[in-house]
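Here are my notes on the model, point by point. Have it open while you read.

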Amino acid sequence: MILSEIEFVIPKGVKFNEINTDEFLNPFDDEVLEFLDLLSKELLKLKEFNELVALGFWLRKSNIEKMKKNFFKKYENSIVLPRGVAFHIAPSNVDTIFVYSFVLSMLVGNVNILRIGQKTNEQILTLIKKIEEVLIKYPKLKNKLYIARYGYEEEINRFFSSICDVRIIWGGDETVNTIRKIPLKPTALELTFADKFSFALLDLNNIELNEQFFEKLYRDSYTFMQQACSSVRAICFLPVDINKKKEFWQKFEKFIEKKNPIFEDKEGITRFNAAVSMAIEEKIKVYRSKYLYVIKVDSLDKIDRVKHPGLGVFYDIDIDSIEELLKFSTKKEQTLSLVGIKKEGLLKAIKNVKPKGFDRYVRVGDAMNFSEVWDGFDLFSSLSRIIDVDI
Amino acid sequence: MVNDVYDLNPYTLERKQKEALLINELNKLTEFHYKNCNEYKNILDAFGYKKAEKLEDFFPIPVLLFKEYELKSSQNIVKTLTSSGTTSSKVSKIFLDKETAILQTKALIKIMQDFLGKKRLPMLIVDTKSTVSNRYKFSARAAGILGLSNFGRKHTYILDDDMRLKKELLLEFLNTYKDEKILIFGFTFMVWEYFYKQIKDLNLDLSNAILFHSGGWKKLENIKVSNEVFKSLFAKCCGLKNIHNFYGMVEQVGSIFVECEEGHLHTPNFADIIIREPISLKPLAKGEEGVIELLSLIPKSYPGHVILTEDVGVILGEDDCRCGRKGKYFKVSGRLKKAEQRGCSDTFGN
């Protein structure tokens, strides 16, 4: 493919050499806020697409206003300017990640170029159509957001990389490695989001095993079928009576059964293959049913992050203390969903252990909530320039 | 007992007898592999496997595992089979000792004789000779050709290395054996793409031929050629009506399932099929479509006696096919559809 043939989905018909690279907005420009507010309202109407509704909820005015308040409070003594042109590479199938990415970037005033893959589904098509419909009402934003759909053409990545001031690569070690080989301007920055693995930590002694609790745990795991970076894939248990643990798994399985998540046929086999393959590598015990697989391992180092297929598979690990998990954690660990654990204890443990991993600690139920601080970055500050005026 | 089963006509055992035989022998095999293959032992231990009482109780090893691991239960490997690996970059590796290799041949002979008779027939092979030239590392394609070659004589490879038909050679062969029954063998896609397409306008008479082909319909489905179309076009262009597709896996060479005159794939005495629901892996009843599990008494040097394929199929009946053969008969509908990726999975990469 040659550059002149890049297909821009938004705005339609634009040419690669027409991309605006020198006109930017101020952080939290009113027109951006209005655009997002309207987009939020439109997305919240799409009840049939859970992930779009979740996105709409995140984009709601009160949430954006909160971000704005925090932003200006944080930088009240500085001047913040946009970084410039941001090039976002979205993962192939978390349909909504690219929106989270460009929204934060747009909020600080950048021009945004987004690469989306060629795989499409109804959800993503609906999302793009909505963005297009809403965007058109805000003429000032016309040259601030470009969405291009293409495959693996290095030439296109090379071009966008050559004009951007910050490159954001979402998802996948291989993608990061591939794109990283393509040079950026010497002044440009890069944010990469590698493959990550997330845990839950439960102290069942302090948890009531009711519907609300399971609803939250379910949301943290079965959203995106456990394949998002922040999805709970392993559950660590602080010391607890064995019967209480049994009760936990039984009730969780019943809860999942009631929710009846839909697996594709191939996913059923993929899950089985992965569990068998795990059994070859490490001493494990497998419990399986239609709705979940529990892989019992007797220590944290038996976890195989790469073989874990998502799809309703949980490692089950007994640990003695939160410190044990923090000490074990590596750069691969992202989110720890907790419940039944006191904040002071957690903070003390983090300070003591200085864990290599875990960039987020959230209450069970919040693992999927995107925030401007992600994988240890403050995206707002990485996407903007903090101007130091010292006269 | 187990060796006797290969001496019988391969389609004689009825349900009760066959199940008793298979359960007994497969339990022995499971125990054997458990003792001799460490990986297999780890798997059964992890899944809390208990001795099988029904056919569906045996633990199926996913075929993918033969691509990821070198699974063997014997120290005396004489031959390694590899899958052709056309659809993925990794290939299955199947390790054979003498005993397993002999059983494979024995089983294949029994099955083929039921369709071909005992006499070796003049044989056309729809492939190029170079496919079989590497003697130590066999591709599944080569193994298939060499396996089937036992049932023919005057083996004639009718394609050159560029897959062009050796027309002179073919005509000469047909002329020499015009009054005899001849055997044609090739992989389904090759037979279609490089045989049918190159002979369809030659006005040949192949009414004296019996065609065996295997290797799956995946490539042909894309160009909308079904088994029915395949058969009718051959009949039309050259009078070739005696056509048998067969289904089998490189993980269970020898255990092949040949299409009978009614168009059904048949399980022989020493092999069986179970259809499972893909998510729960619970066994399904006759008539219900699901993922195919294959059981075979042949694999001794590697734990491949019960395998879970990634093919989808339906059991059509048992012991009551109009062709007269006993055992389950089934059809293969194709491969499991590739799942759409979900989650923050890779955008780029290999």
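**Notes on the two-chain model**

1. Let's start with the overall layout: the centres of domain 1 and domain 2 of chain A, taken over C-alpha atoms, are 31 Å apart. Domain 1 of chain A covers 3-195 + 375-387 and domain 2 covers 197-363, with bounds that come from an automatic or database domain assignment.

2. A word on ground rules. This is a predicted model, where local features need pLDDT of at least 70 and side-chain atom pairs count only at pLDDT 80 or more, while totals for chains, interfaces and linings use all residues. Residues are numbered from 1 along each chain as its sequence is written, and chains are lettered from A and ligands numbered from 1 in the order in which they are written.

3. On to the sheet in chain A. Six strands form an open, mixed sheet in the order S1-S5-S4-S3-S6-S7; helices (H or I, at least four residues) and strands (E, at least two) are DSSP runs, numbered from the N terminus, and two strands pair if DSSP finds at least two bridges between them. Strands S1 (7-10) and S7 (189-193) of chain A are the edges, each pairing on one side only. From one strand to the next the twist averages 20 degrees, with axes fitted as lines to C-alpha atoms (for helices over the stretch in contact) and angles running from 0 to 180 degrees between N-to-C directions.

4. Follow His88(A) across the sheet. Its bridge partner in S4(A) is Leu114(A), where S3 (85-89) and S4 (111-116) of chain A run parallel over five bridges. His88(A) also stands opposite Ile168(A) in S6(A), S3(A) and S6(A) being parallel over four bridges. Ile168(A) in turn stands opposite Leu191(A) in S7(A); five bridges join the parallel strands S6(A) and S7(A).

5. How many residues of S6(A) are buried? Five of the five are, so S6(A) is largely enclosed by the rest of the structure. Buried means 20 or more other C-beta atoms within 10 Å of a residue's own, exposed 12 or fewer, and partly exposed in between, with C-beta atoms placed from the backbone. Val166(A), Ile168(A) and Trp170(A) cover one side, Arg167(A) and Ile169(A) the other.

6. H4 (97-107) of chain A lies across S3, S4, S5 (145-149) and S6 (166-170) of chain A, at about 170 degrees to S4(A). H5 (122-135) of chain A lies across S1 and S5 of chain A, at about 70 degrees to S1(A). Contact here is C-beta atoms, placed from the backbone, within 7 Å.

7. Two backbone spots deserve a look. Ile10(A) and Pro11(A) are joined by a cis peptide bond, omega about -20 degrees; Pro11(A) lies in the loop between S1 and H1 (30-44) of chain A. Phe28(A), in the loop between S1 and H1 of chain A, has a positive phi near 55 degrees.

Conventions:
Two residues are in contact if their C-beta atoms, placed from the backbone, lie within 7 Å.
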